[in-house]
Amino acid sequence: MYLTTRNGPPVTEKPVTGGKLPSTVFALGAVSLLTDVSAEMITAFLPVYLLYTLQLGYVQFGLLDGLYNGATAMLRLLGGFVSDRLRRPKLVAMAGYGASALAKLAFPLAGASGAGIGGVLAFDRAGKGLRTAPRDALITLATPPGRLGRAFGVHRAMDTFGALLGPLVTFWILAELGTGASPVFAVSFCFAVLGCIVLATFVREHVPPSPKPARSPVSWRACAGLLRDRRVRRITLAAGLLGLVTISDAFVFVVLQKTSGVPLELLPLLPLGTALVFLTAAVPMGLAADRFGRWPVFFAGHVVLLGVYAVLLVPGGGFPVAIAALLGHGLFYAATDGVLMACAGPLVPEPLRASGLAVVQTGQAVARLLSSVGFGFLLAAMSMRAAVLLVLAAFVLALAGAALLLRRRRPDALAA
Amino acid sequence: MRWLREHRVAAGIVSMLLVVLAGGAYVFWTSASERGGASASAAGPGDLLFIDQSDGRDVVQRVRMADPGGPRQDTAERCQRVYSAGGTTVCLRLAGPGPSYEVAVLGADGRLLRTLGLAGIPNRARVSASGQIVSWTSFVTGDSYAVPGGFSTRTGVLDLRTGALVESLEDFSTTVAGEPLLSADRNYWGVTVAGDDRTFYATVSSQNRTWLVKGDLPTRTMQEVRPGPECPSLSPDGTKVAYKKRVGRLGSWELAVLDLTSRHEQVLPGTTGIDDQAVWLNDTRLAYGQVPGDGRKSSVFAVPADGSAPPELLVADASSPVPLR
């Protein structure tokens, strides 16, 4: 399950909290739903395919896995920049979704070559990197600022629903049609193509009323200048700081299974628990963010995560502890994932919207990658309990730092 | 183009319908063209079991060991990894959405004795010669997210005499180079149990190093034998261990045989690229599954254990070989 980093964008108009969401939000939600069915089908199938059908060694597999998860950060920046530069976020998003769809067809062609598979995975992830910032920019540009939290809530809920559906489709295919690779890749490709068609057909691009200026205001210099804006810089730093103490999901589940003592066979089901809570709570959390301020909700989400890590220290707690931890973990995602984009969006000037969102997302993603590697080293060097304790202490410091960075900022200044 | 712009929604809906119809037709056609339920029959001594890789259905098939190129017959099981000895069969197979997998332990009459949930992808499976000790390894891929080169395995052992289950060998105490191995990243895989139903060999790894360990089930202990080997397999007479070992630091593996008395290690020529726990067809010959690497599917190869000849193809489009004695 790919739950770690997702993104969203913002909009600047009059603050309106009530009312309907634009149809573009639902259309983009449907695109994400279909694309996530496609992507998570592959995520569920890839280990079987690589380890069983192709019999790649686990070291090769580990390297590919790292590549798969780490390759997107830079492309996000590029996707955001190109999208702003061309003023065509929909076109760039389309290219990203299209690349990932084509990758599904390329897997069987790459055969058992480790380098070939790695190349296809990189291409697939490149598509994801490219499309994320322009997609979130499309959401913010279409939605009145006061409803951004809700808009991202709806989008993330639909996205997560697709992510839950994907593995089910894969299971059905494996059970009915066997572990041969072609049906999984073919069906995954179909879902990806459906997503592309919905994007092309139902997503309306927000066309700026002004004629295109002779010289585009969008340049690398202008994008770098985004970080000179205090508010953007601070939210990027705060998100990055908190990202540094966020343990990757996989580790959370492994540690949770070990300390709570729930049966090992439930390990594959733990991510489903988090996803279900995320799915259910995304819209309510988005509404809460619109109402009480996005930064406070984002911050509170991390406080909940701190609680989850604390729960990891309770040994032998069994199911009650495991359920409490999964509830908290899902709430953390609901309170932070789309909310960060809703929070950052209005701070970024409209012409630089996709780039600005990409900067915030990339900061967070890179921080989380570093934290994963770091936590891996901690686990190798000390006991699990000591490693979690250390993270817990660092977490408190990071929370304090983030609070300091954004202190004395009236909640509405960031919320609107 | 102009027509397309004016009828965007209609064109979108029509193309979506086309994709759904094409995908549905493909799935229907694939499922309709699958095998027509060949009659299943029980395997017996002198048979070689293996998993058929030709159509992705993972049916366990058998051939006569004396005639491995002869007719292949289906058995009743579908597995991703199988092993059988002493009348007990262990089958690692698809269990439910997720997709998730299970360990199915079957008695001599094909009766299901026990199923256990499996955390991860089926990897290795073994039954002791007496049929009493069952072990398996699964590959847990989630642990290593975003840590390049990281991975994790879970190895379980079930004693059918007492019903005692070891969920993970990580609960045993392990000594490597005279020191207890306690790091949280230790992993175990590829168990092979000796004729006494208590001594076993396995692989342990930590921080990118691997060791062959010798263990004792009742006392729950393991001791290093030597660094490097993975996926050990004890010969029927208990005098030799076959395993895979790395050619270079991160290179592919080759098959080697260690004489437990003389400590002489013999690398078997032509086995480079093996990634399997080999099985002993008898005291002098080994078999293993390998993807040939030229786009063909996994096949089972046989090789003499003394390194006197290169491997030869035993069964095409097959994996997980199991000689029935």
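Is B:Ile133 buried or exposed? Buried, because its relative accessibility is 1%. Buried here means under 20% relative accessible area, exposed means over 50%, and partly exposed lies in between, with a 1.4 Å probe and protein chains only.

Before I go on, some ground rules. This is a predicted model: local features need pLDDT of at least 70, side-chain atom pairs count only at pLDDT 80 or more, and totals for chains, interfaces and linings use all residues. Residues are numbered from 1 along each chain as its sequence is written, chains are lettered from A and ligands numbered from 1 in the order in which they are written, and side-chain values use heavy atoms, with hydrogens and water left out.

Back to B:Ile133. This residue sits in strand β9 of chain B, residues 133-140. Helices (H or I, at least four residues) and strands (E, at least two) are DSSP runs, numbered from the N terminus. What does B:Ile133 touch? Setting aside residues up to four places away in sequence, its contacts include B:Val127, B:Val157, B:Leu158, B:Val193 and B:Leu217. Contact means heavy atoms within 4.5 Å. Take B:Val157: 24 residues from B:Ile133 in sequence, yet 7.1 Å away in space, C-alpha to C-alpha.

Now chain B as a whole. Its count is 2 helices and 26 strands. Its C-alpha atoms fill a box of roughly 80 × 45 × 40 Å along the principal axes. There are 325 residues, and 54% of them count as buried. Look at contacts between residues at least 6 apart in sequence: 39% join residues at least 24 apart.

Chain B also carries a record annotation. An unreviewed UniProt entry puts a "transmembrane region" at residues 9-29. Such positions are given in the numbering used here, feature names are shortened, and annotations may be inferred rather than shown by experiment. In the model, that span is 100% helix and 0% strand, with its end C-alpha atoms 30 Å apart.

The expected span is 1.5 Å times one less than the number of residues. Where does α1(A) bend? At A:Phe45, by about 40 degrees, with a proline, A:Pro47, following within four residues. The bend is the angle between axes fitted to the seven residues ending at a residue and the seven starting there. Of its 31 residues, 27 are buried, so α1(A) is largely enclosed by the rest of the structure. After the helix comes A:Gln55, with a positive phi near 50 degrees.

Next, α13 of chain A, residues 318-344. This one has 27 residues and spans 39 Å, close to the 39 Å expected. A kink of about 30 degrees is centred on A:Gly338. α13(A) is mostly covered, with 21 of 27 residues buried.

Last, the interface. 64 residues of chain A contact 66 of chain B. The buried area is about 5300 Å², and carbon and sulfur atoms give 67% of it. That area is the accessible area (1.4 Å probe) that two parts lose on being put together, summed over both. How many salt bridges cross between chain A and chain B? The rule finds 1. A salt bridge needs a side-chain nitrogen of Lys or Arg within 4 Å of a carboxyl oxygen of Asp or Glu. A:Lys258 and B:Glu170 form one, at 2.9 Å, N to O.
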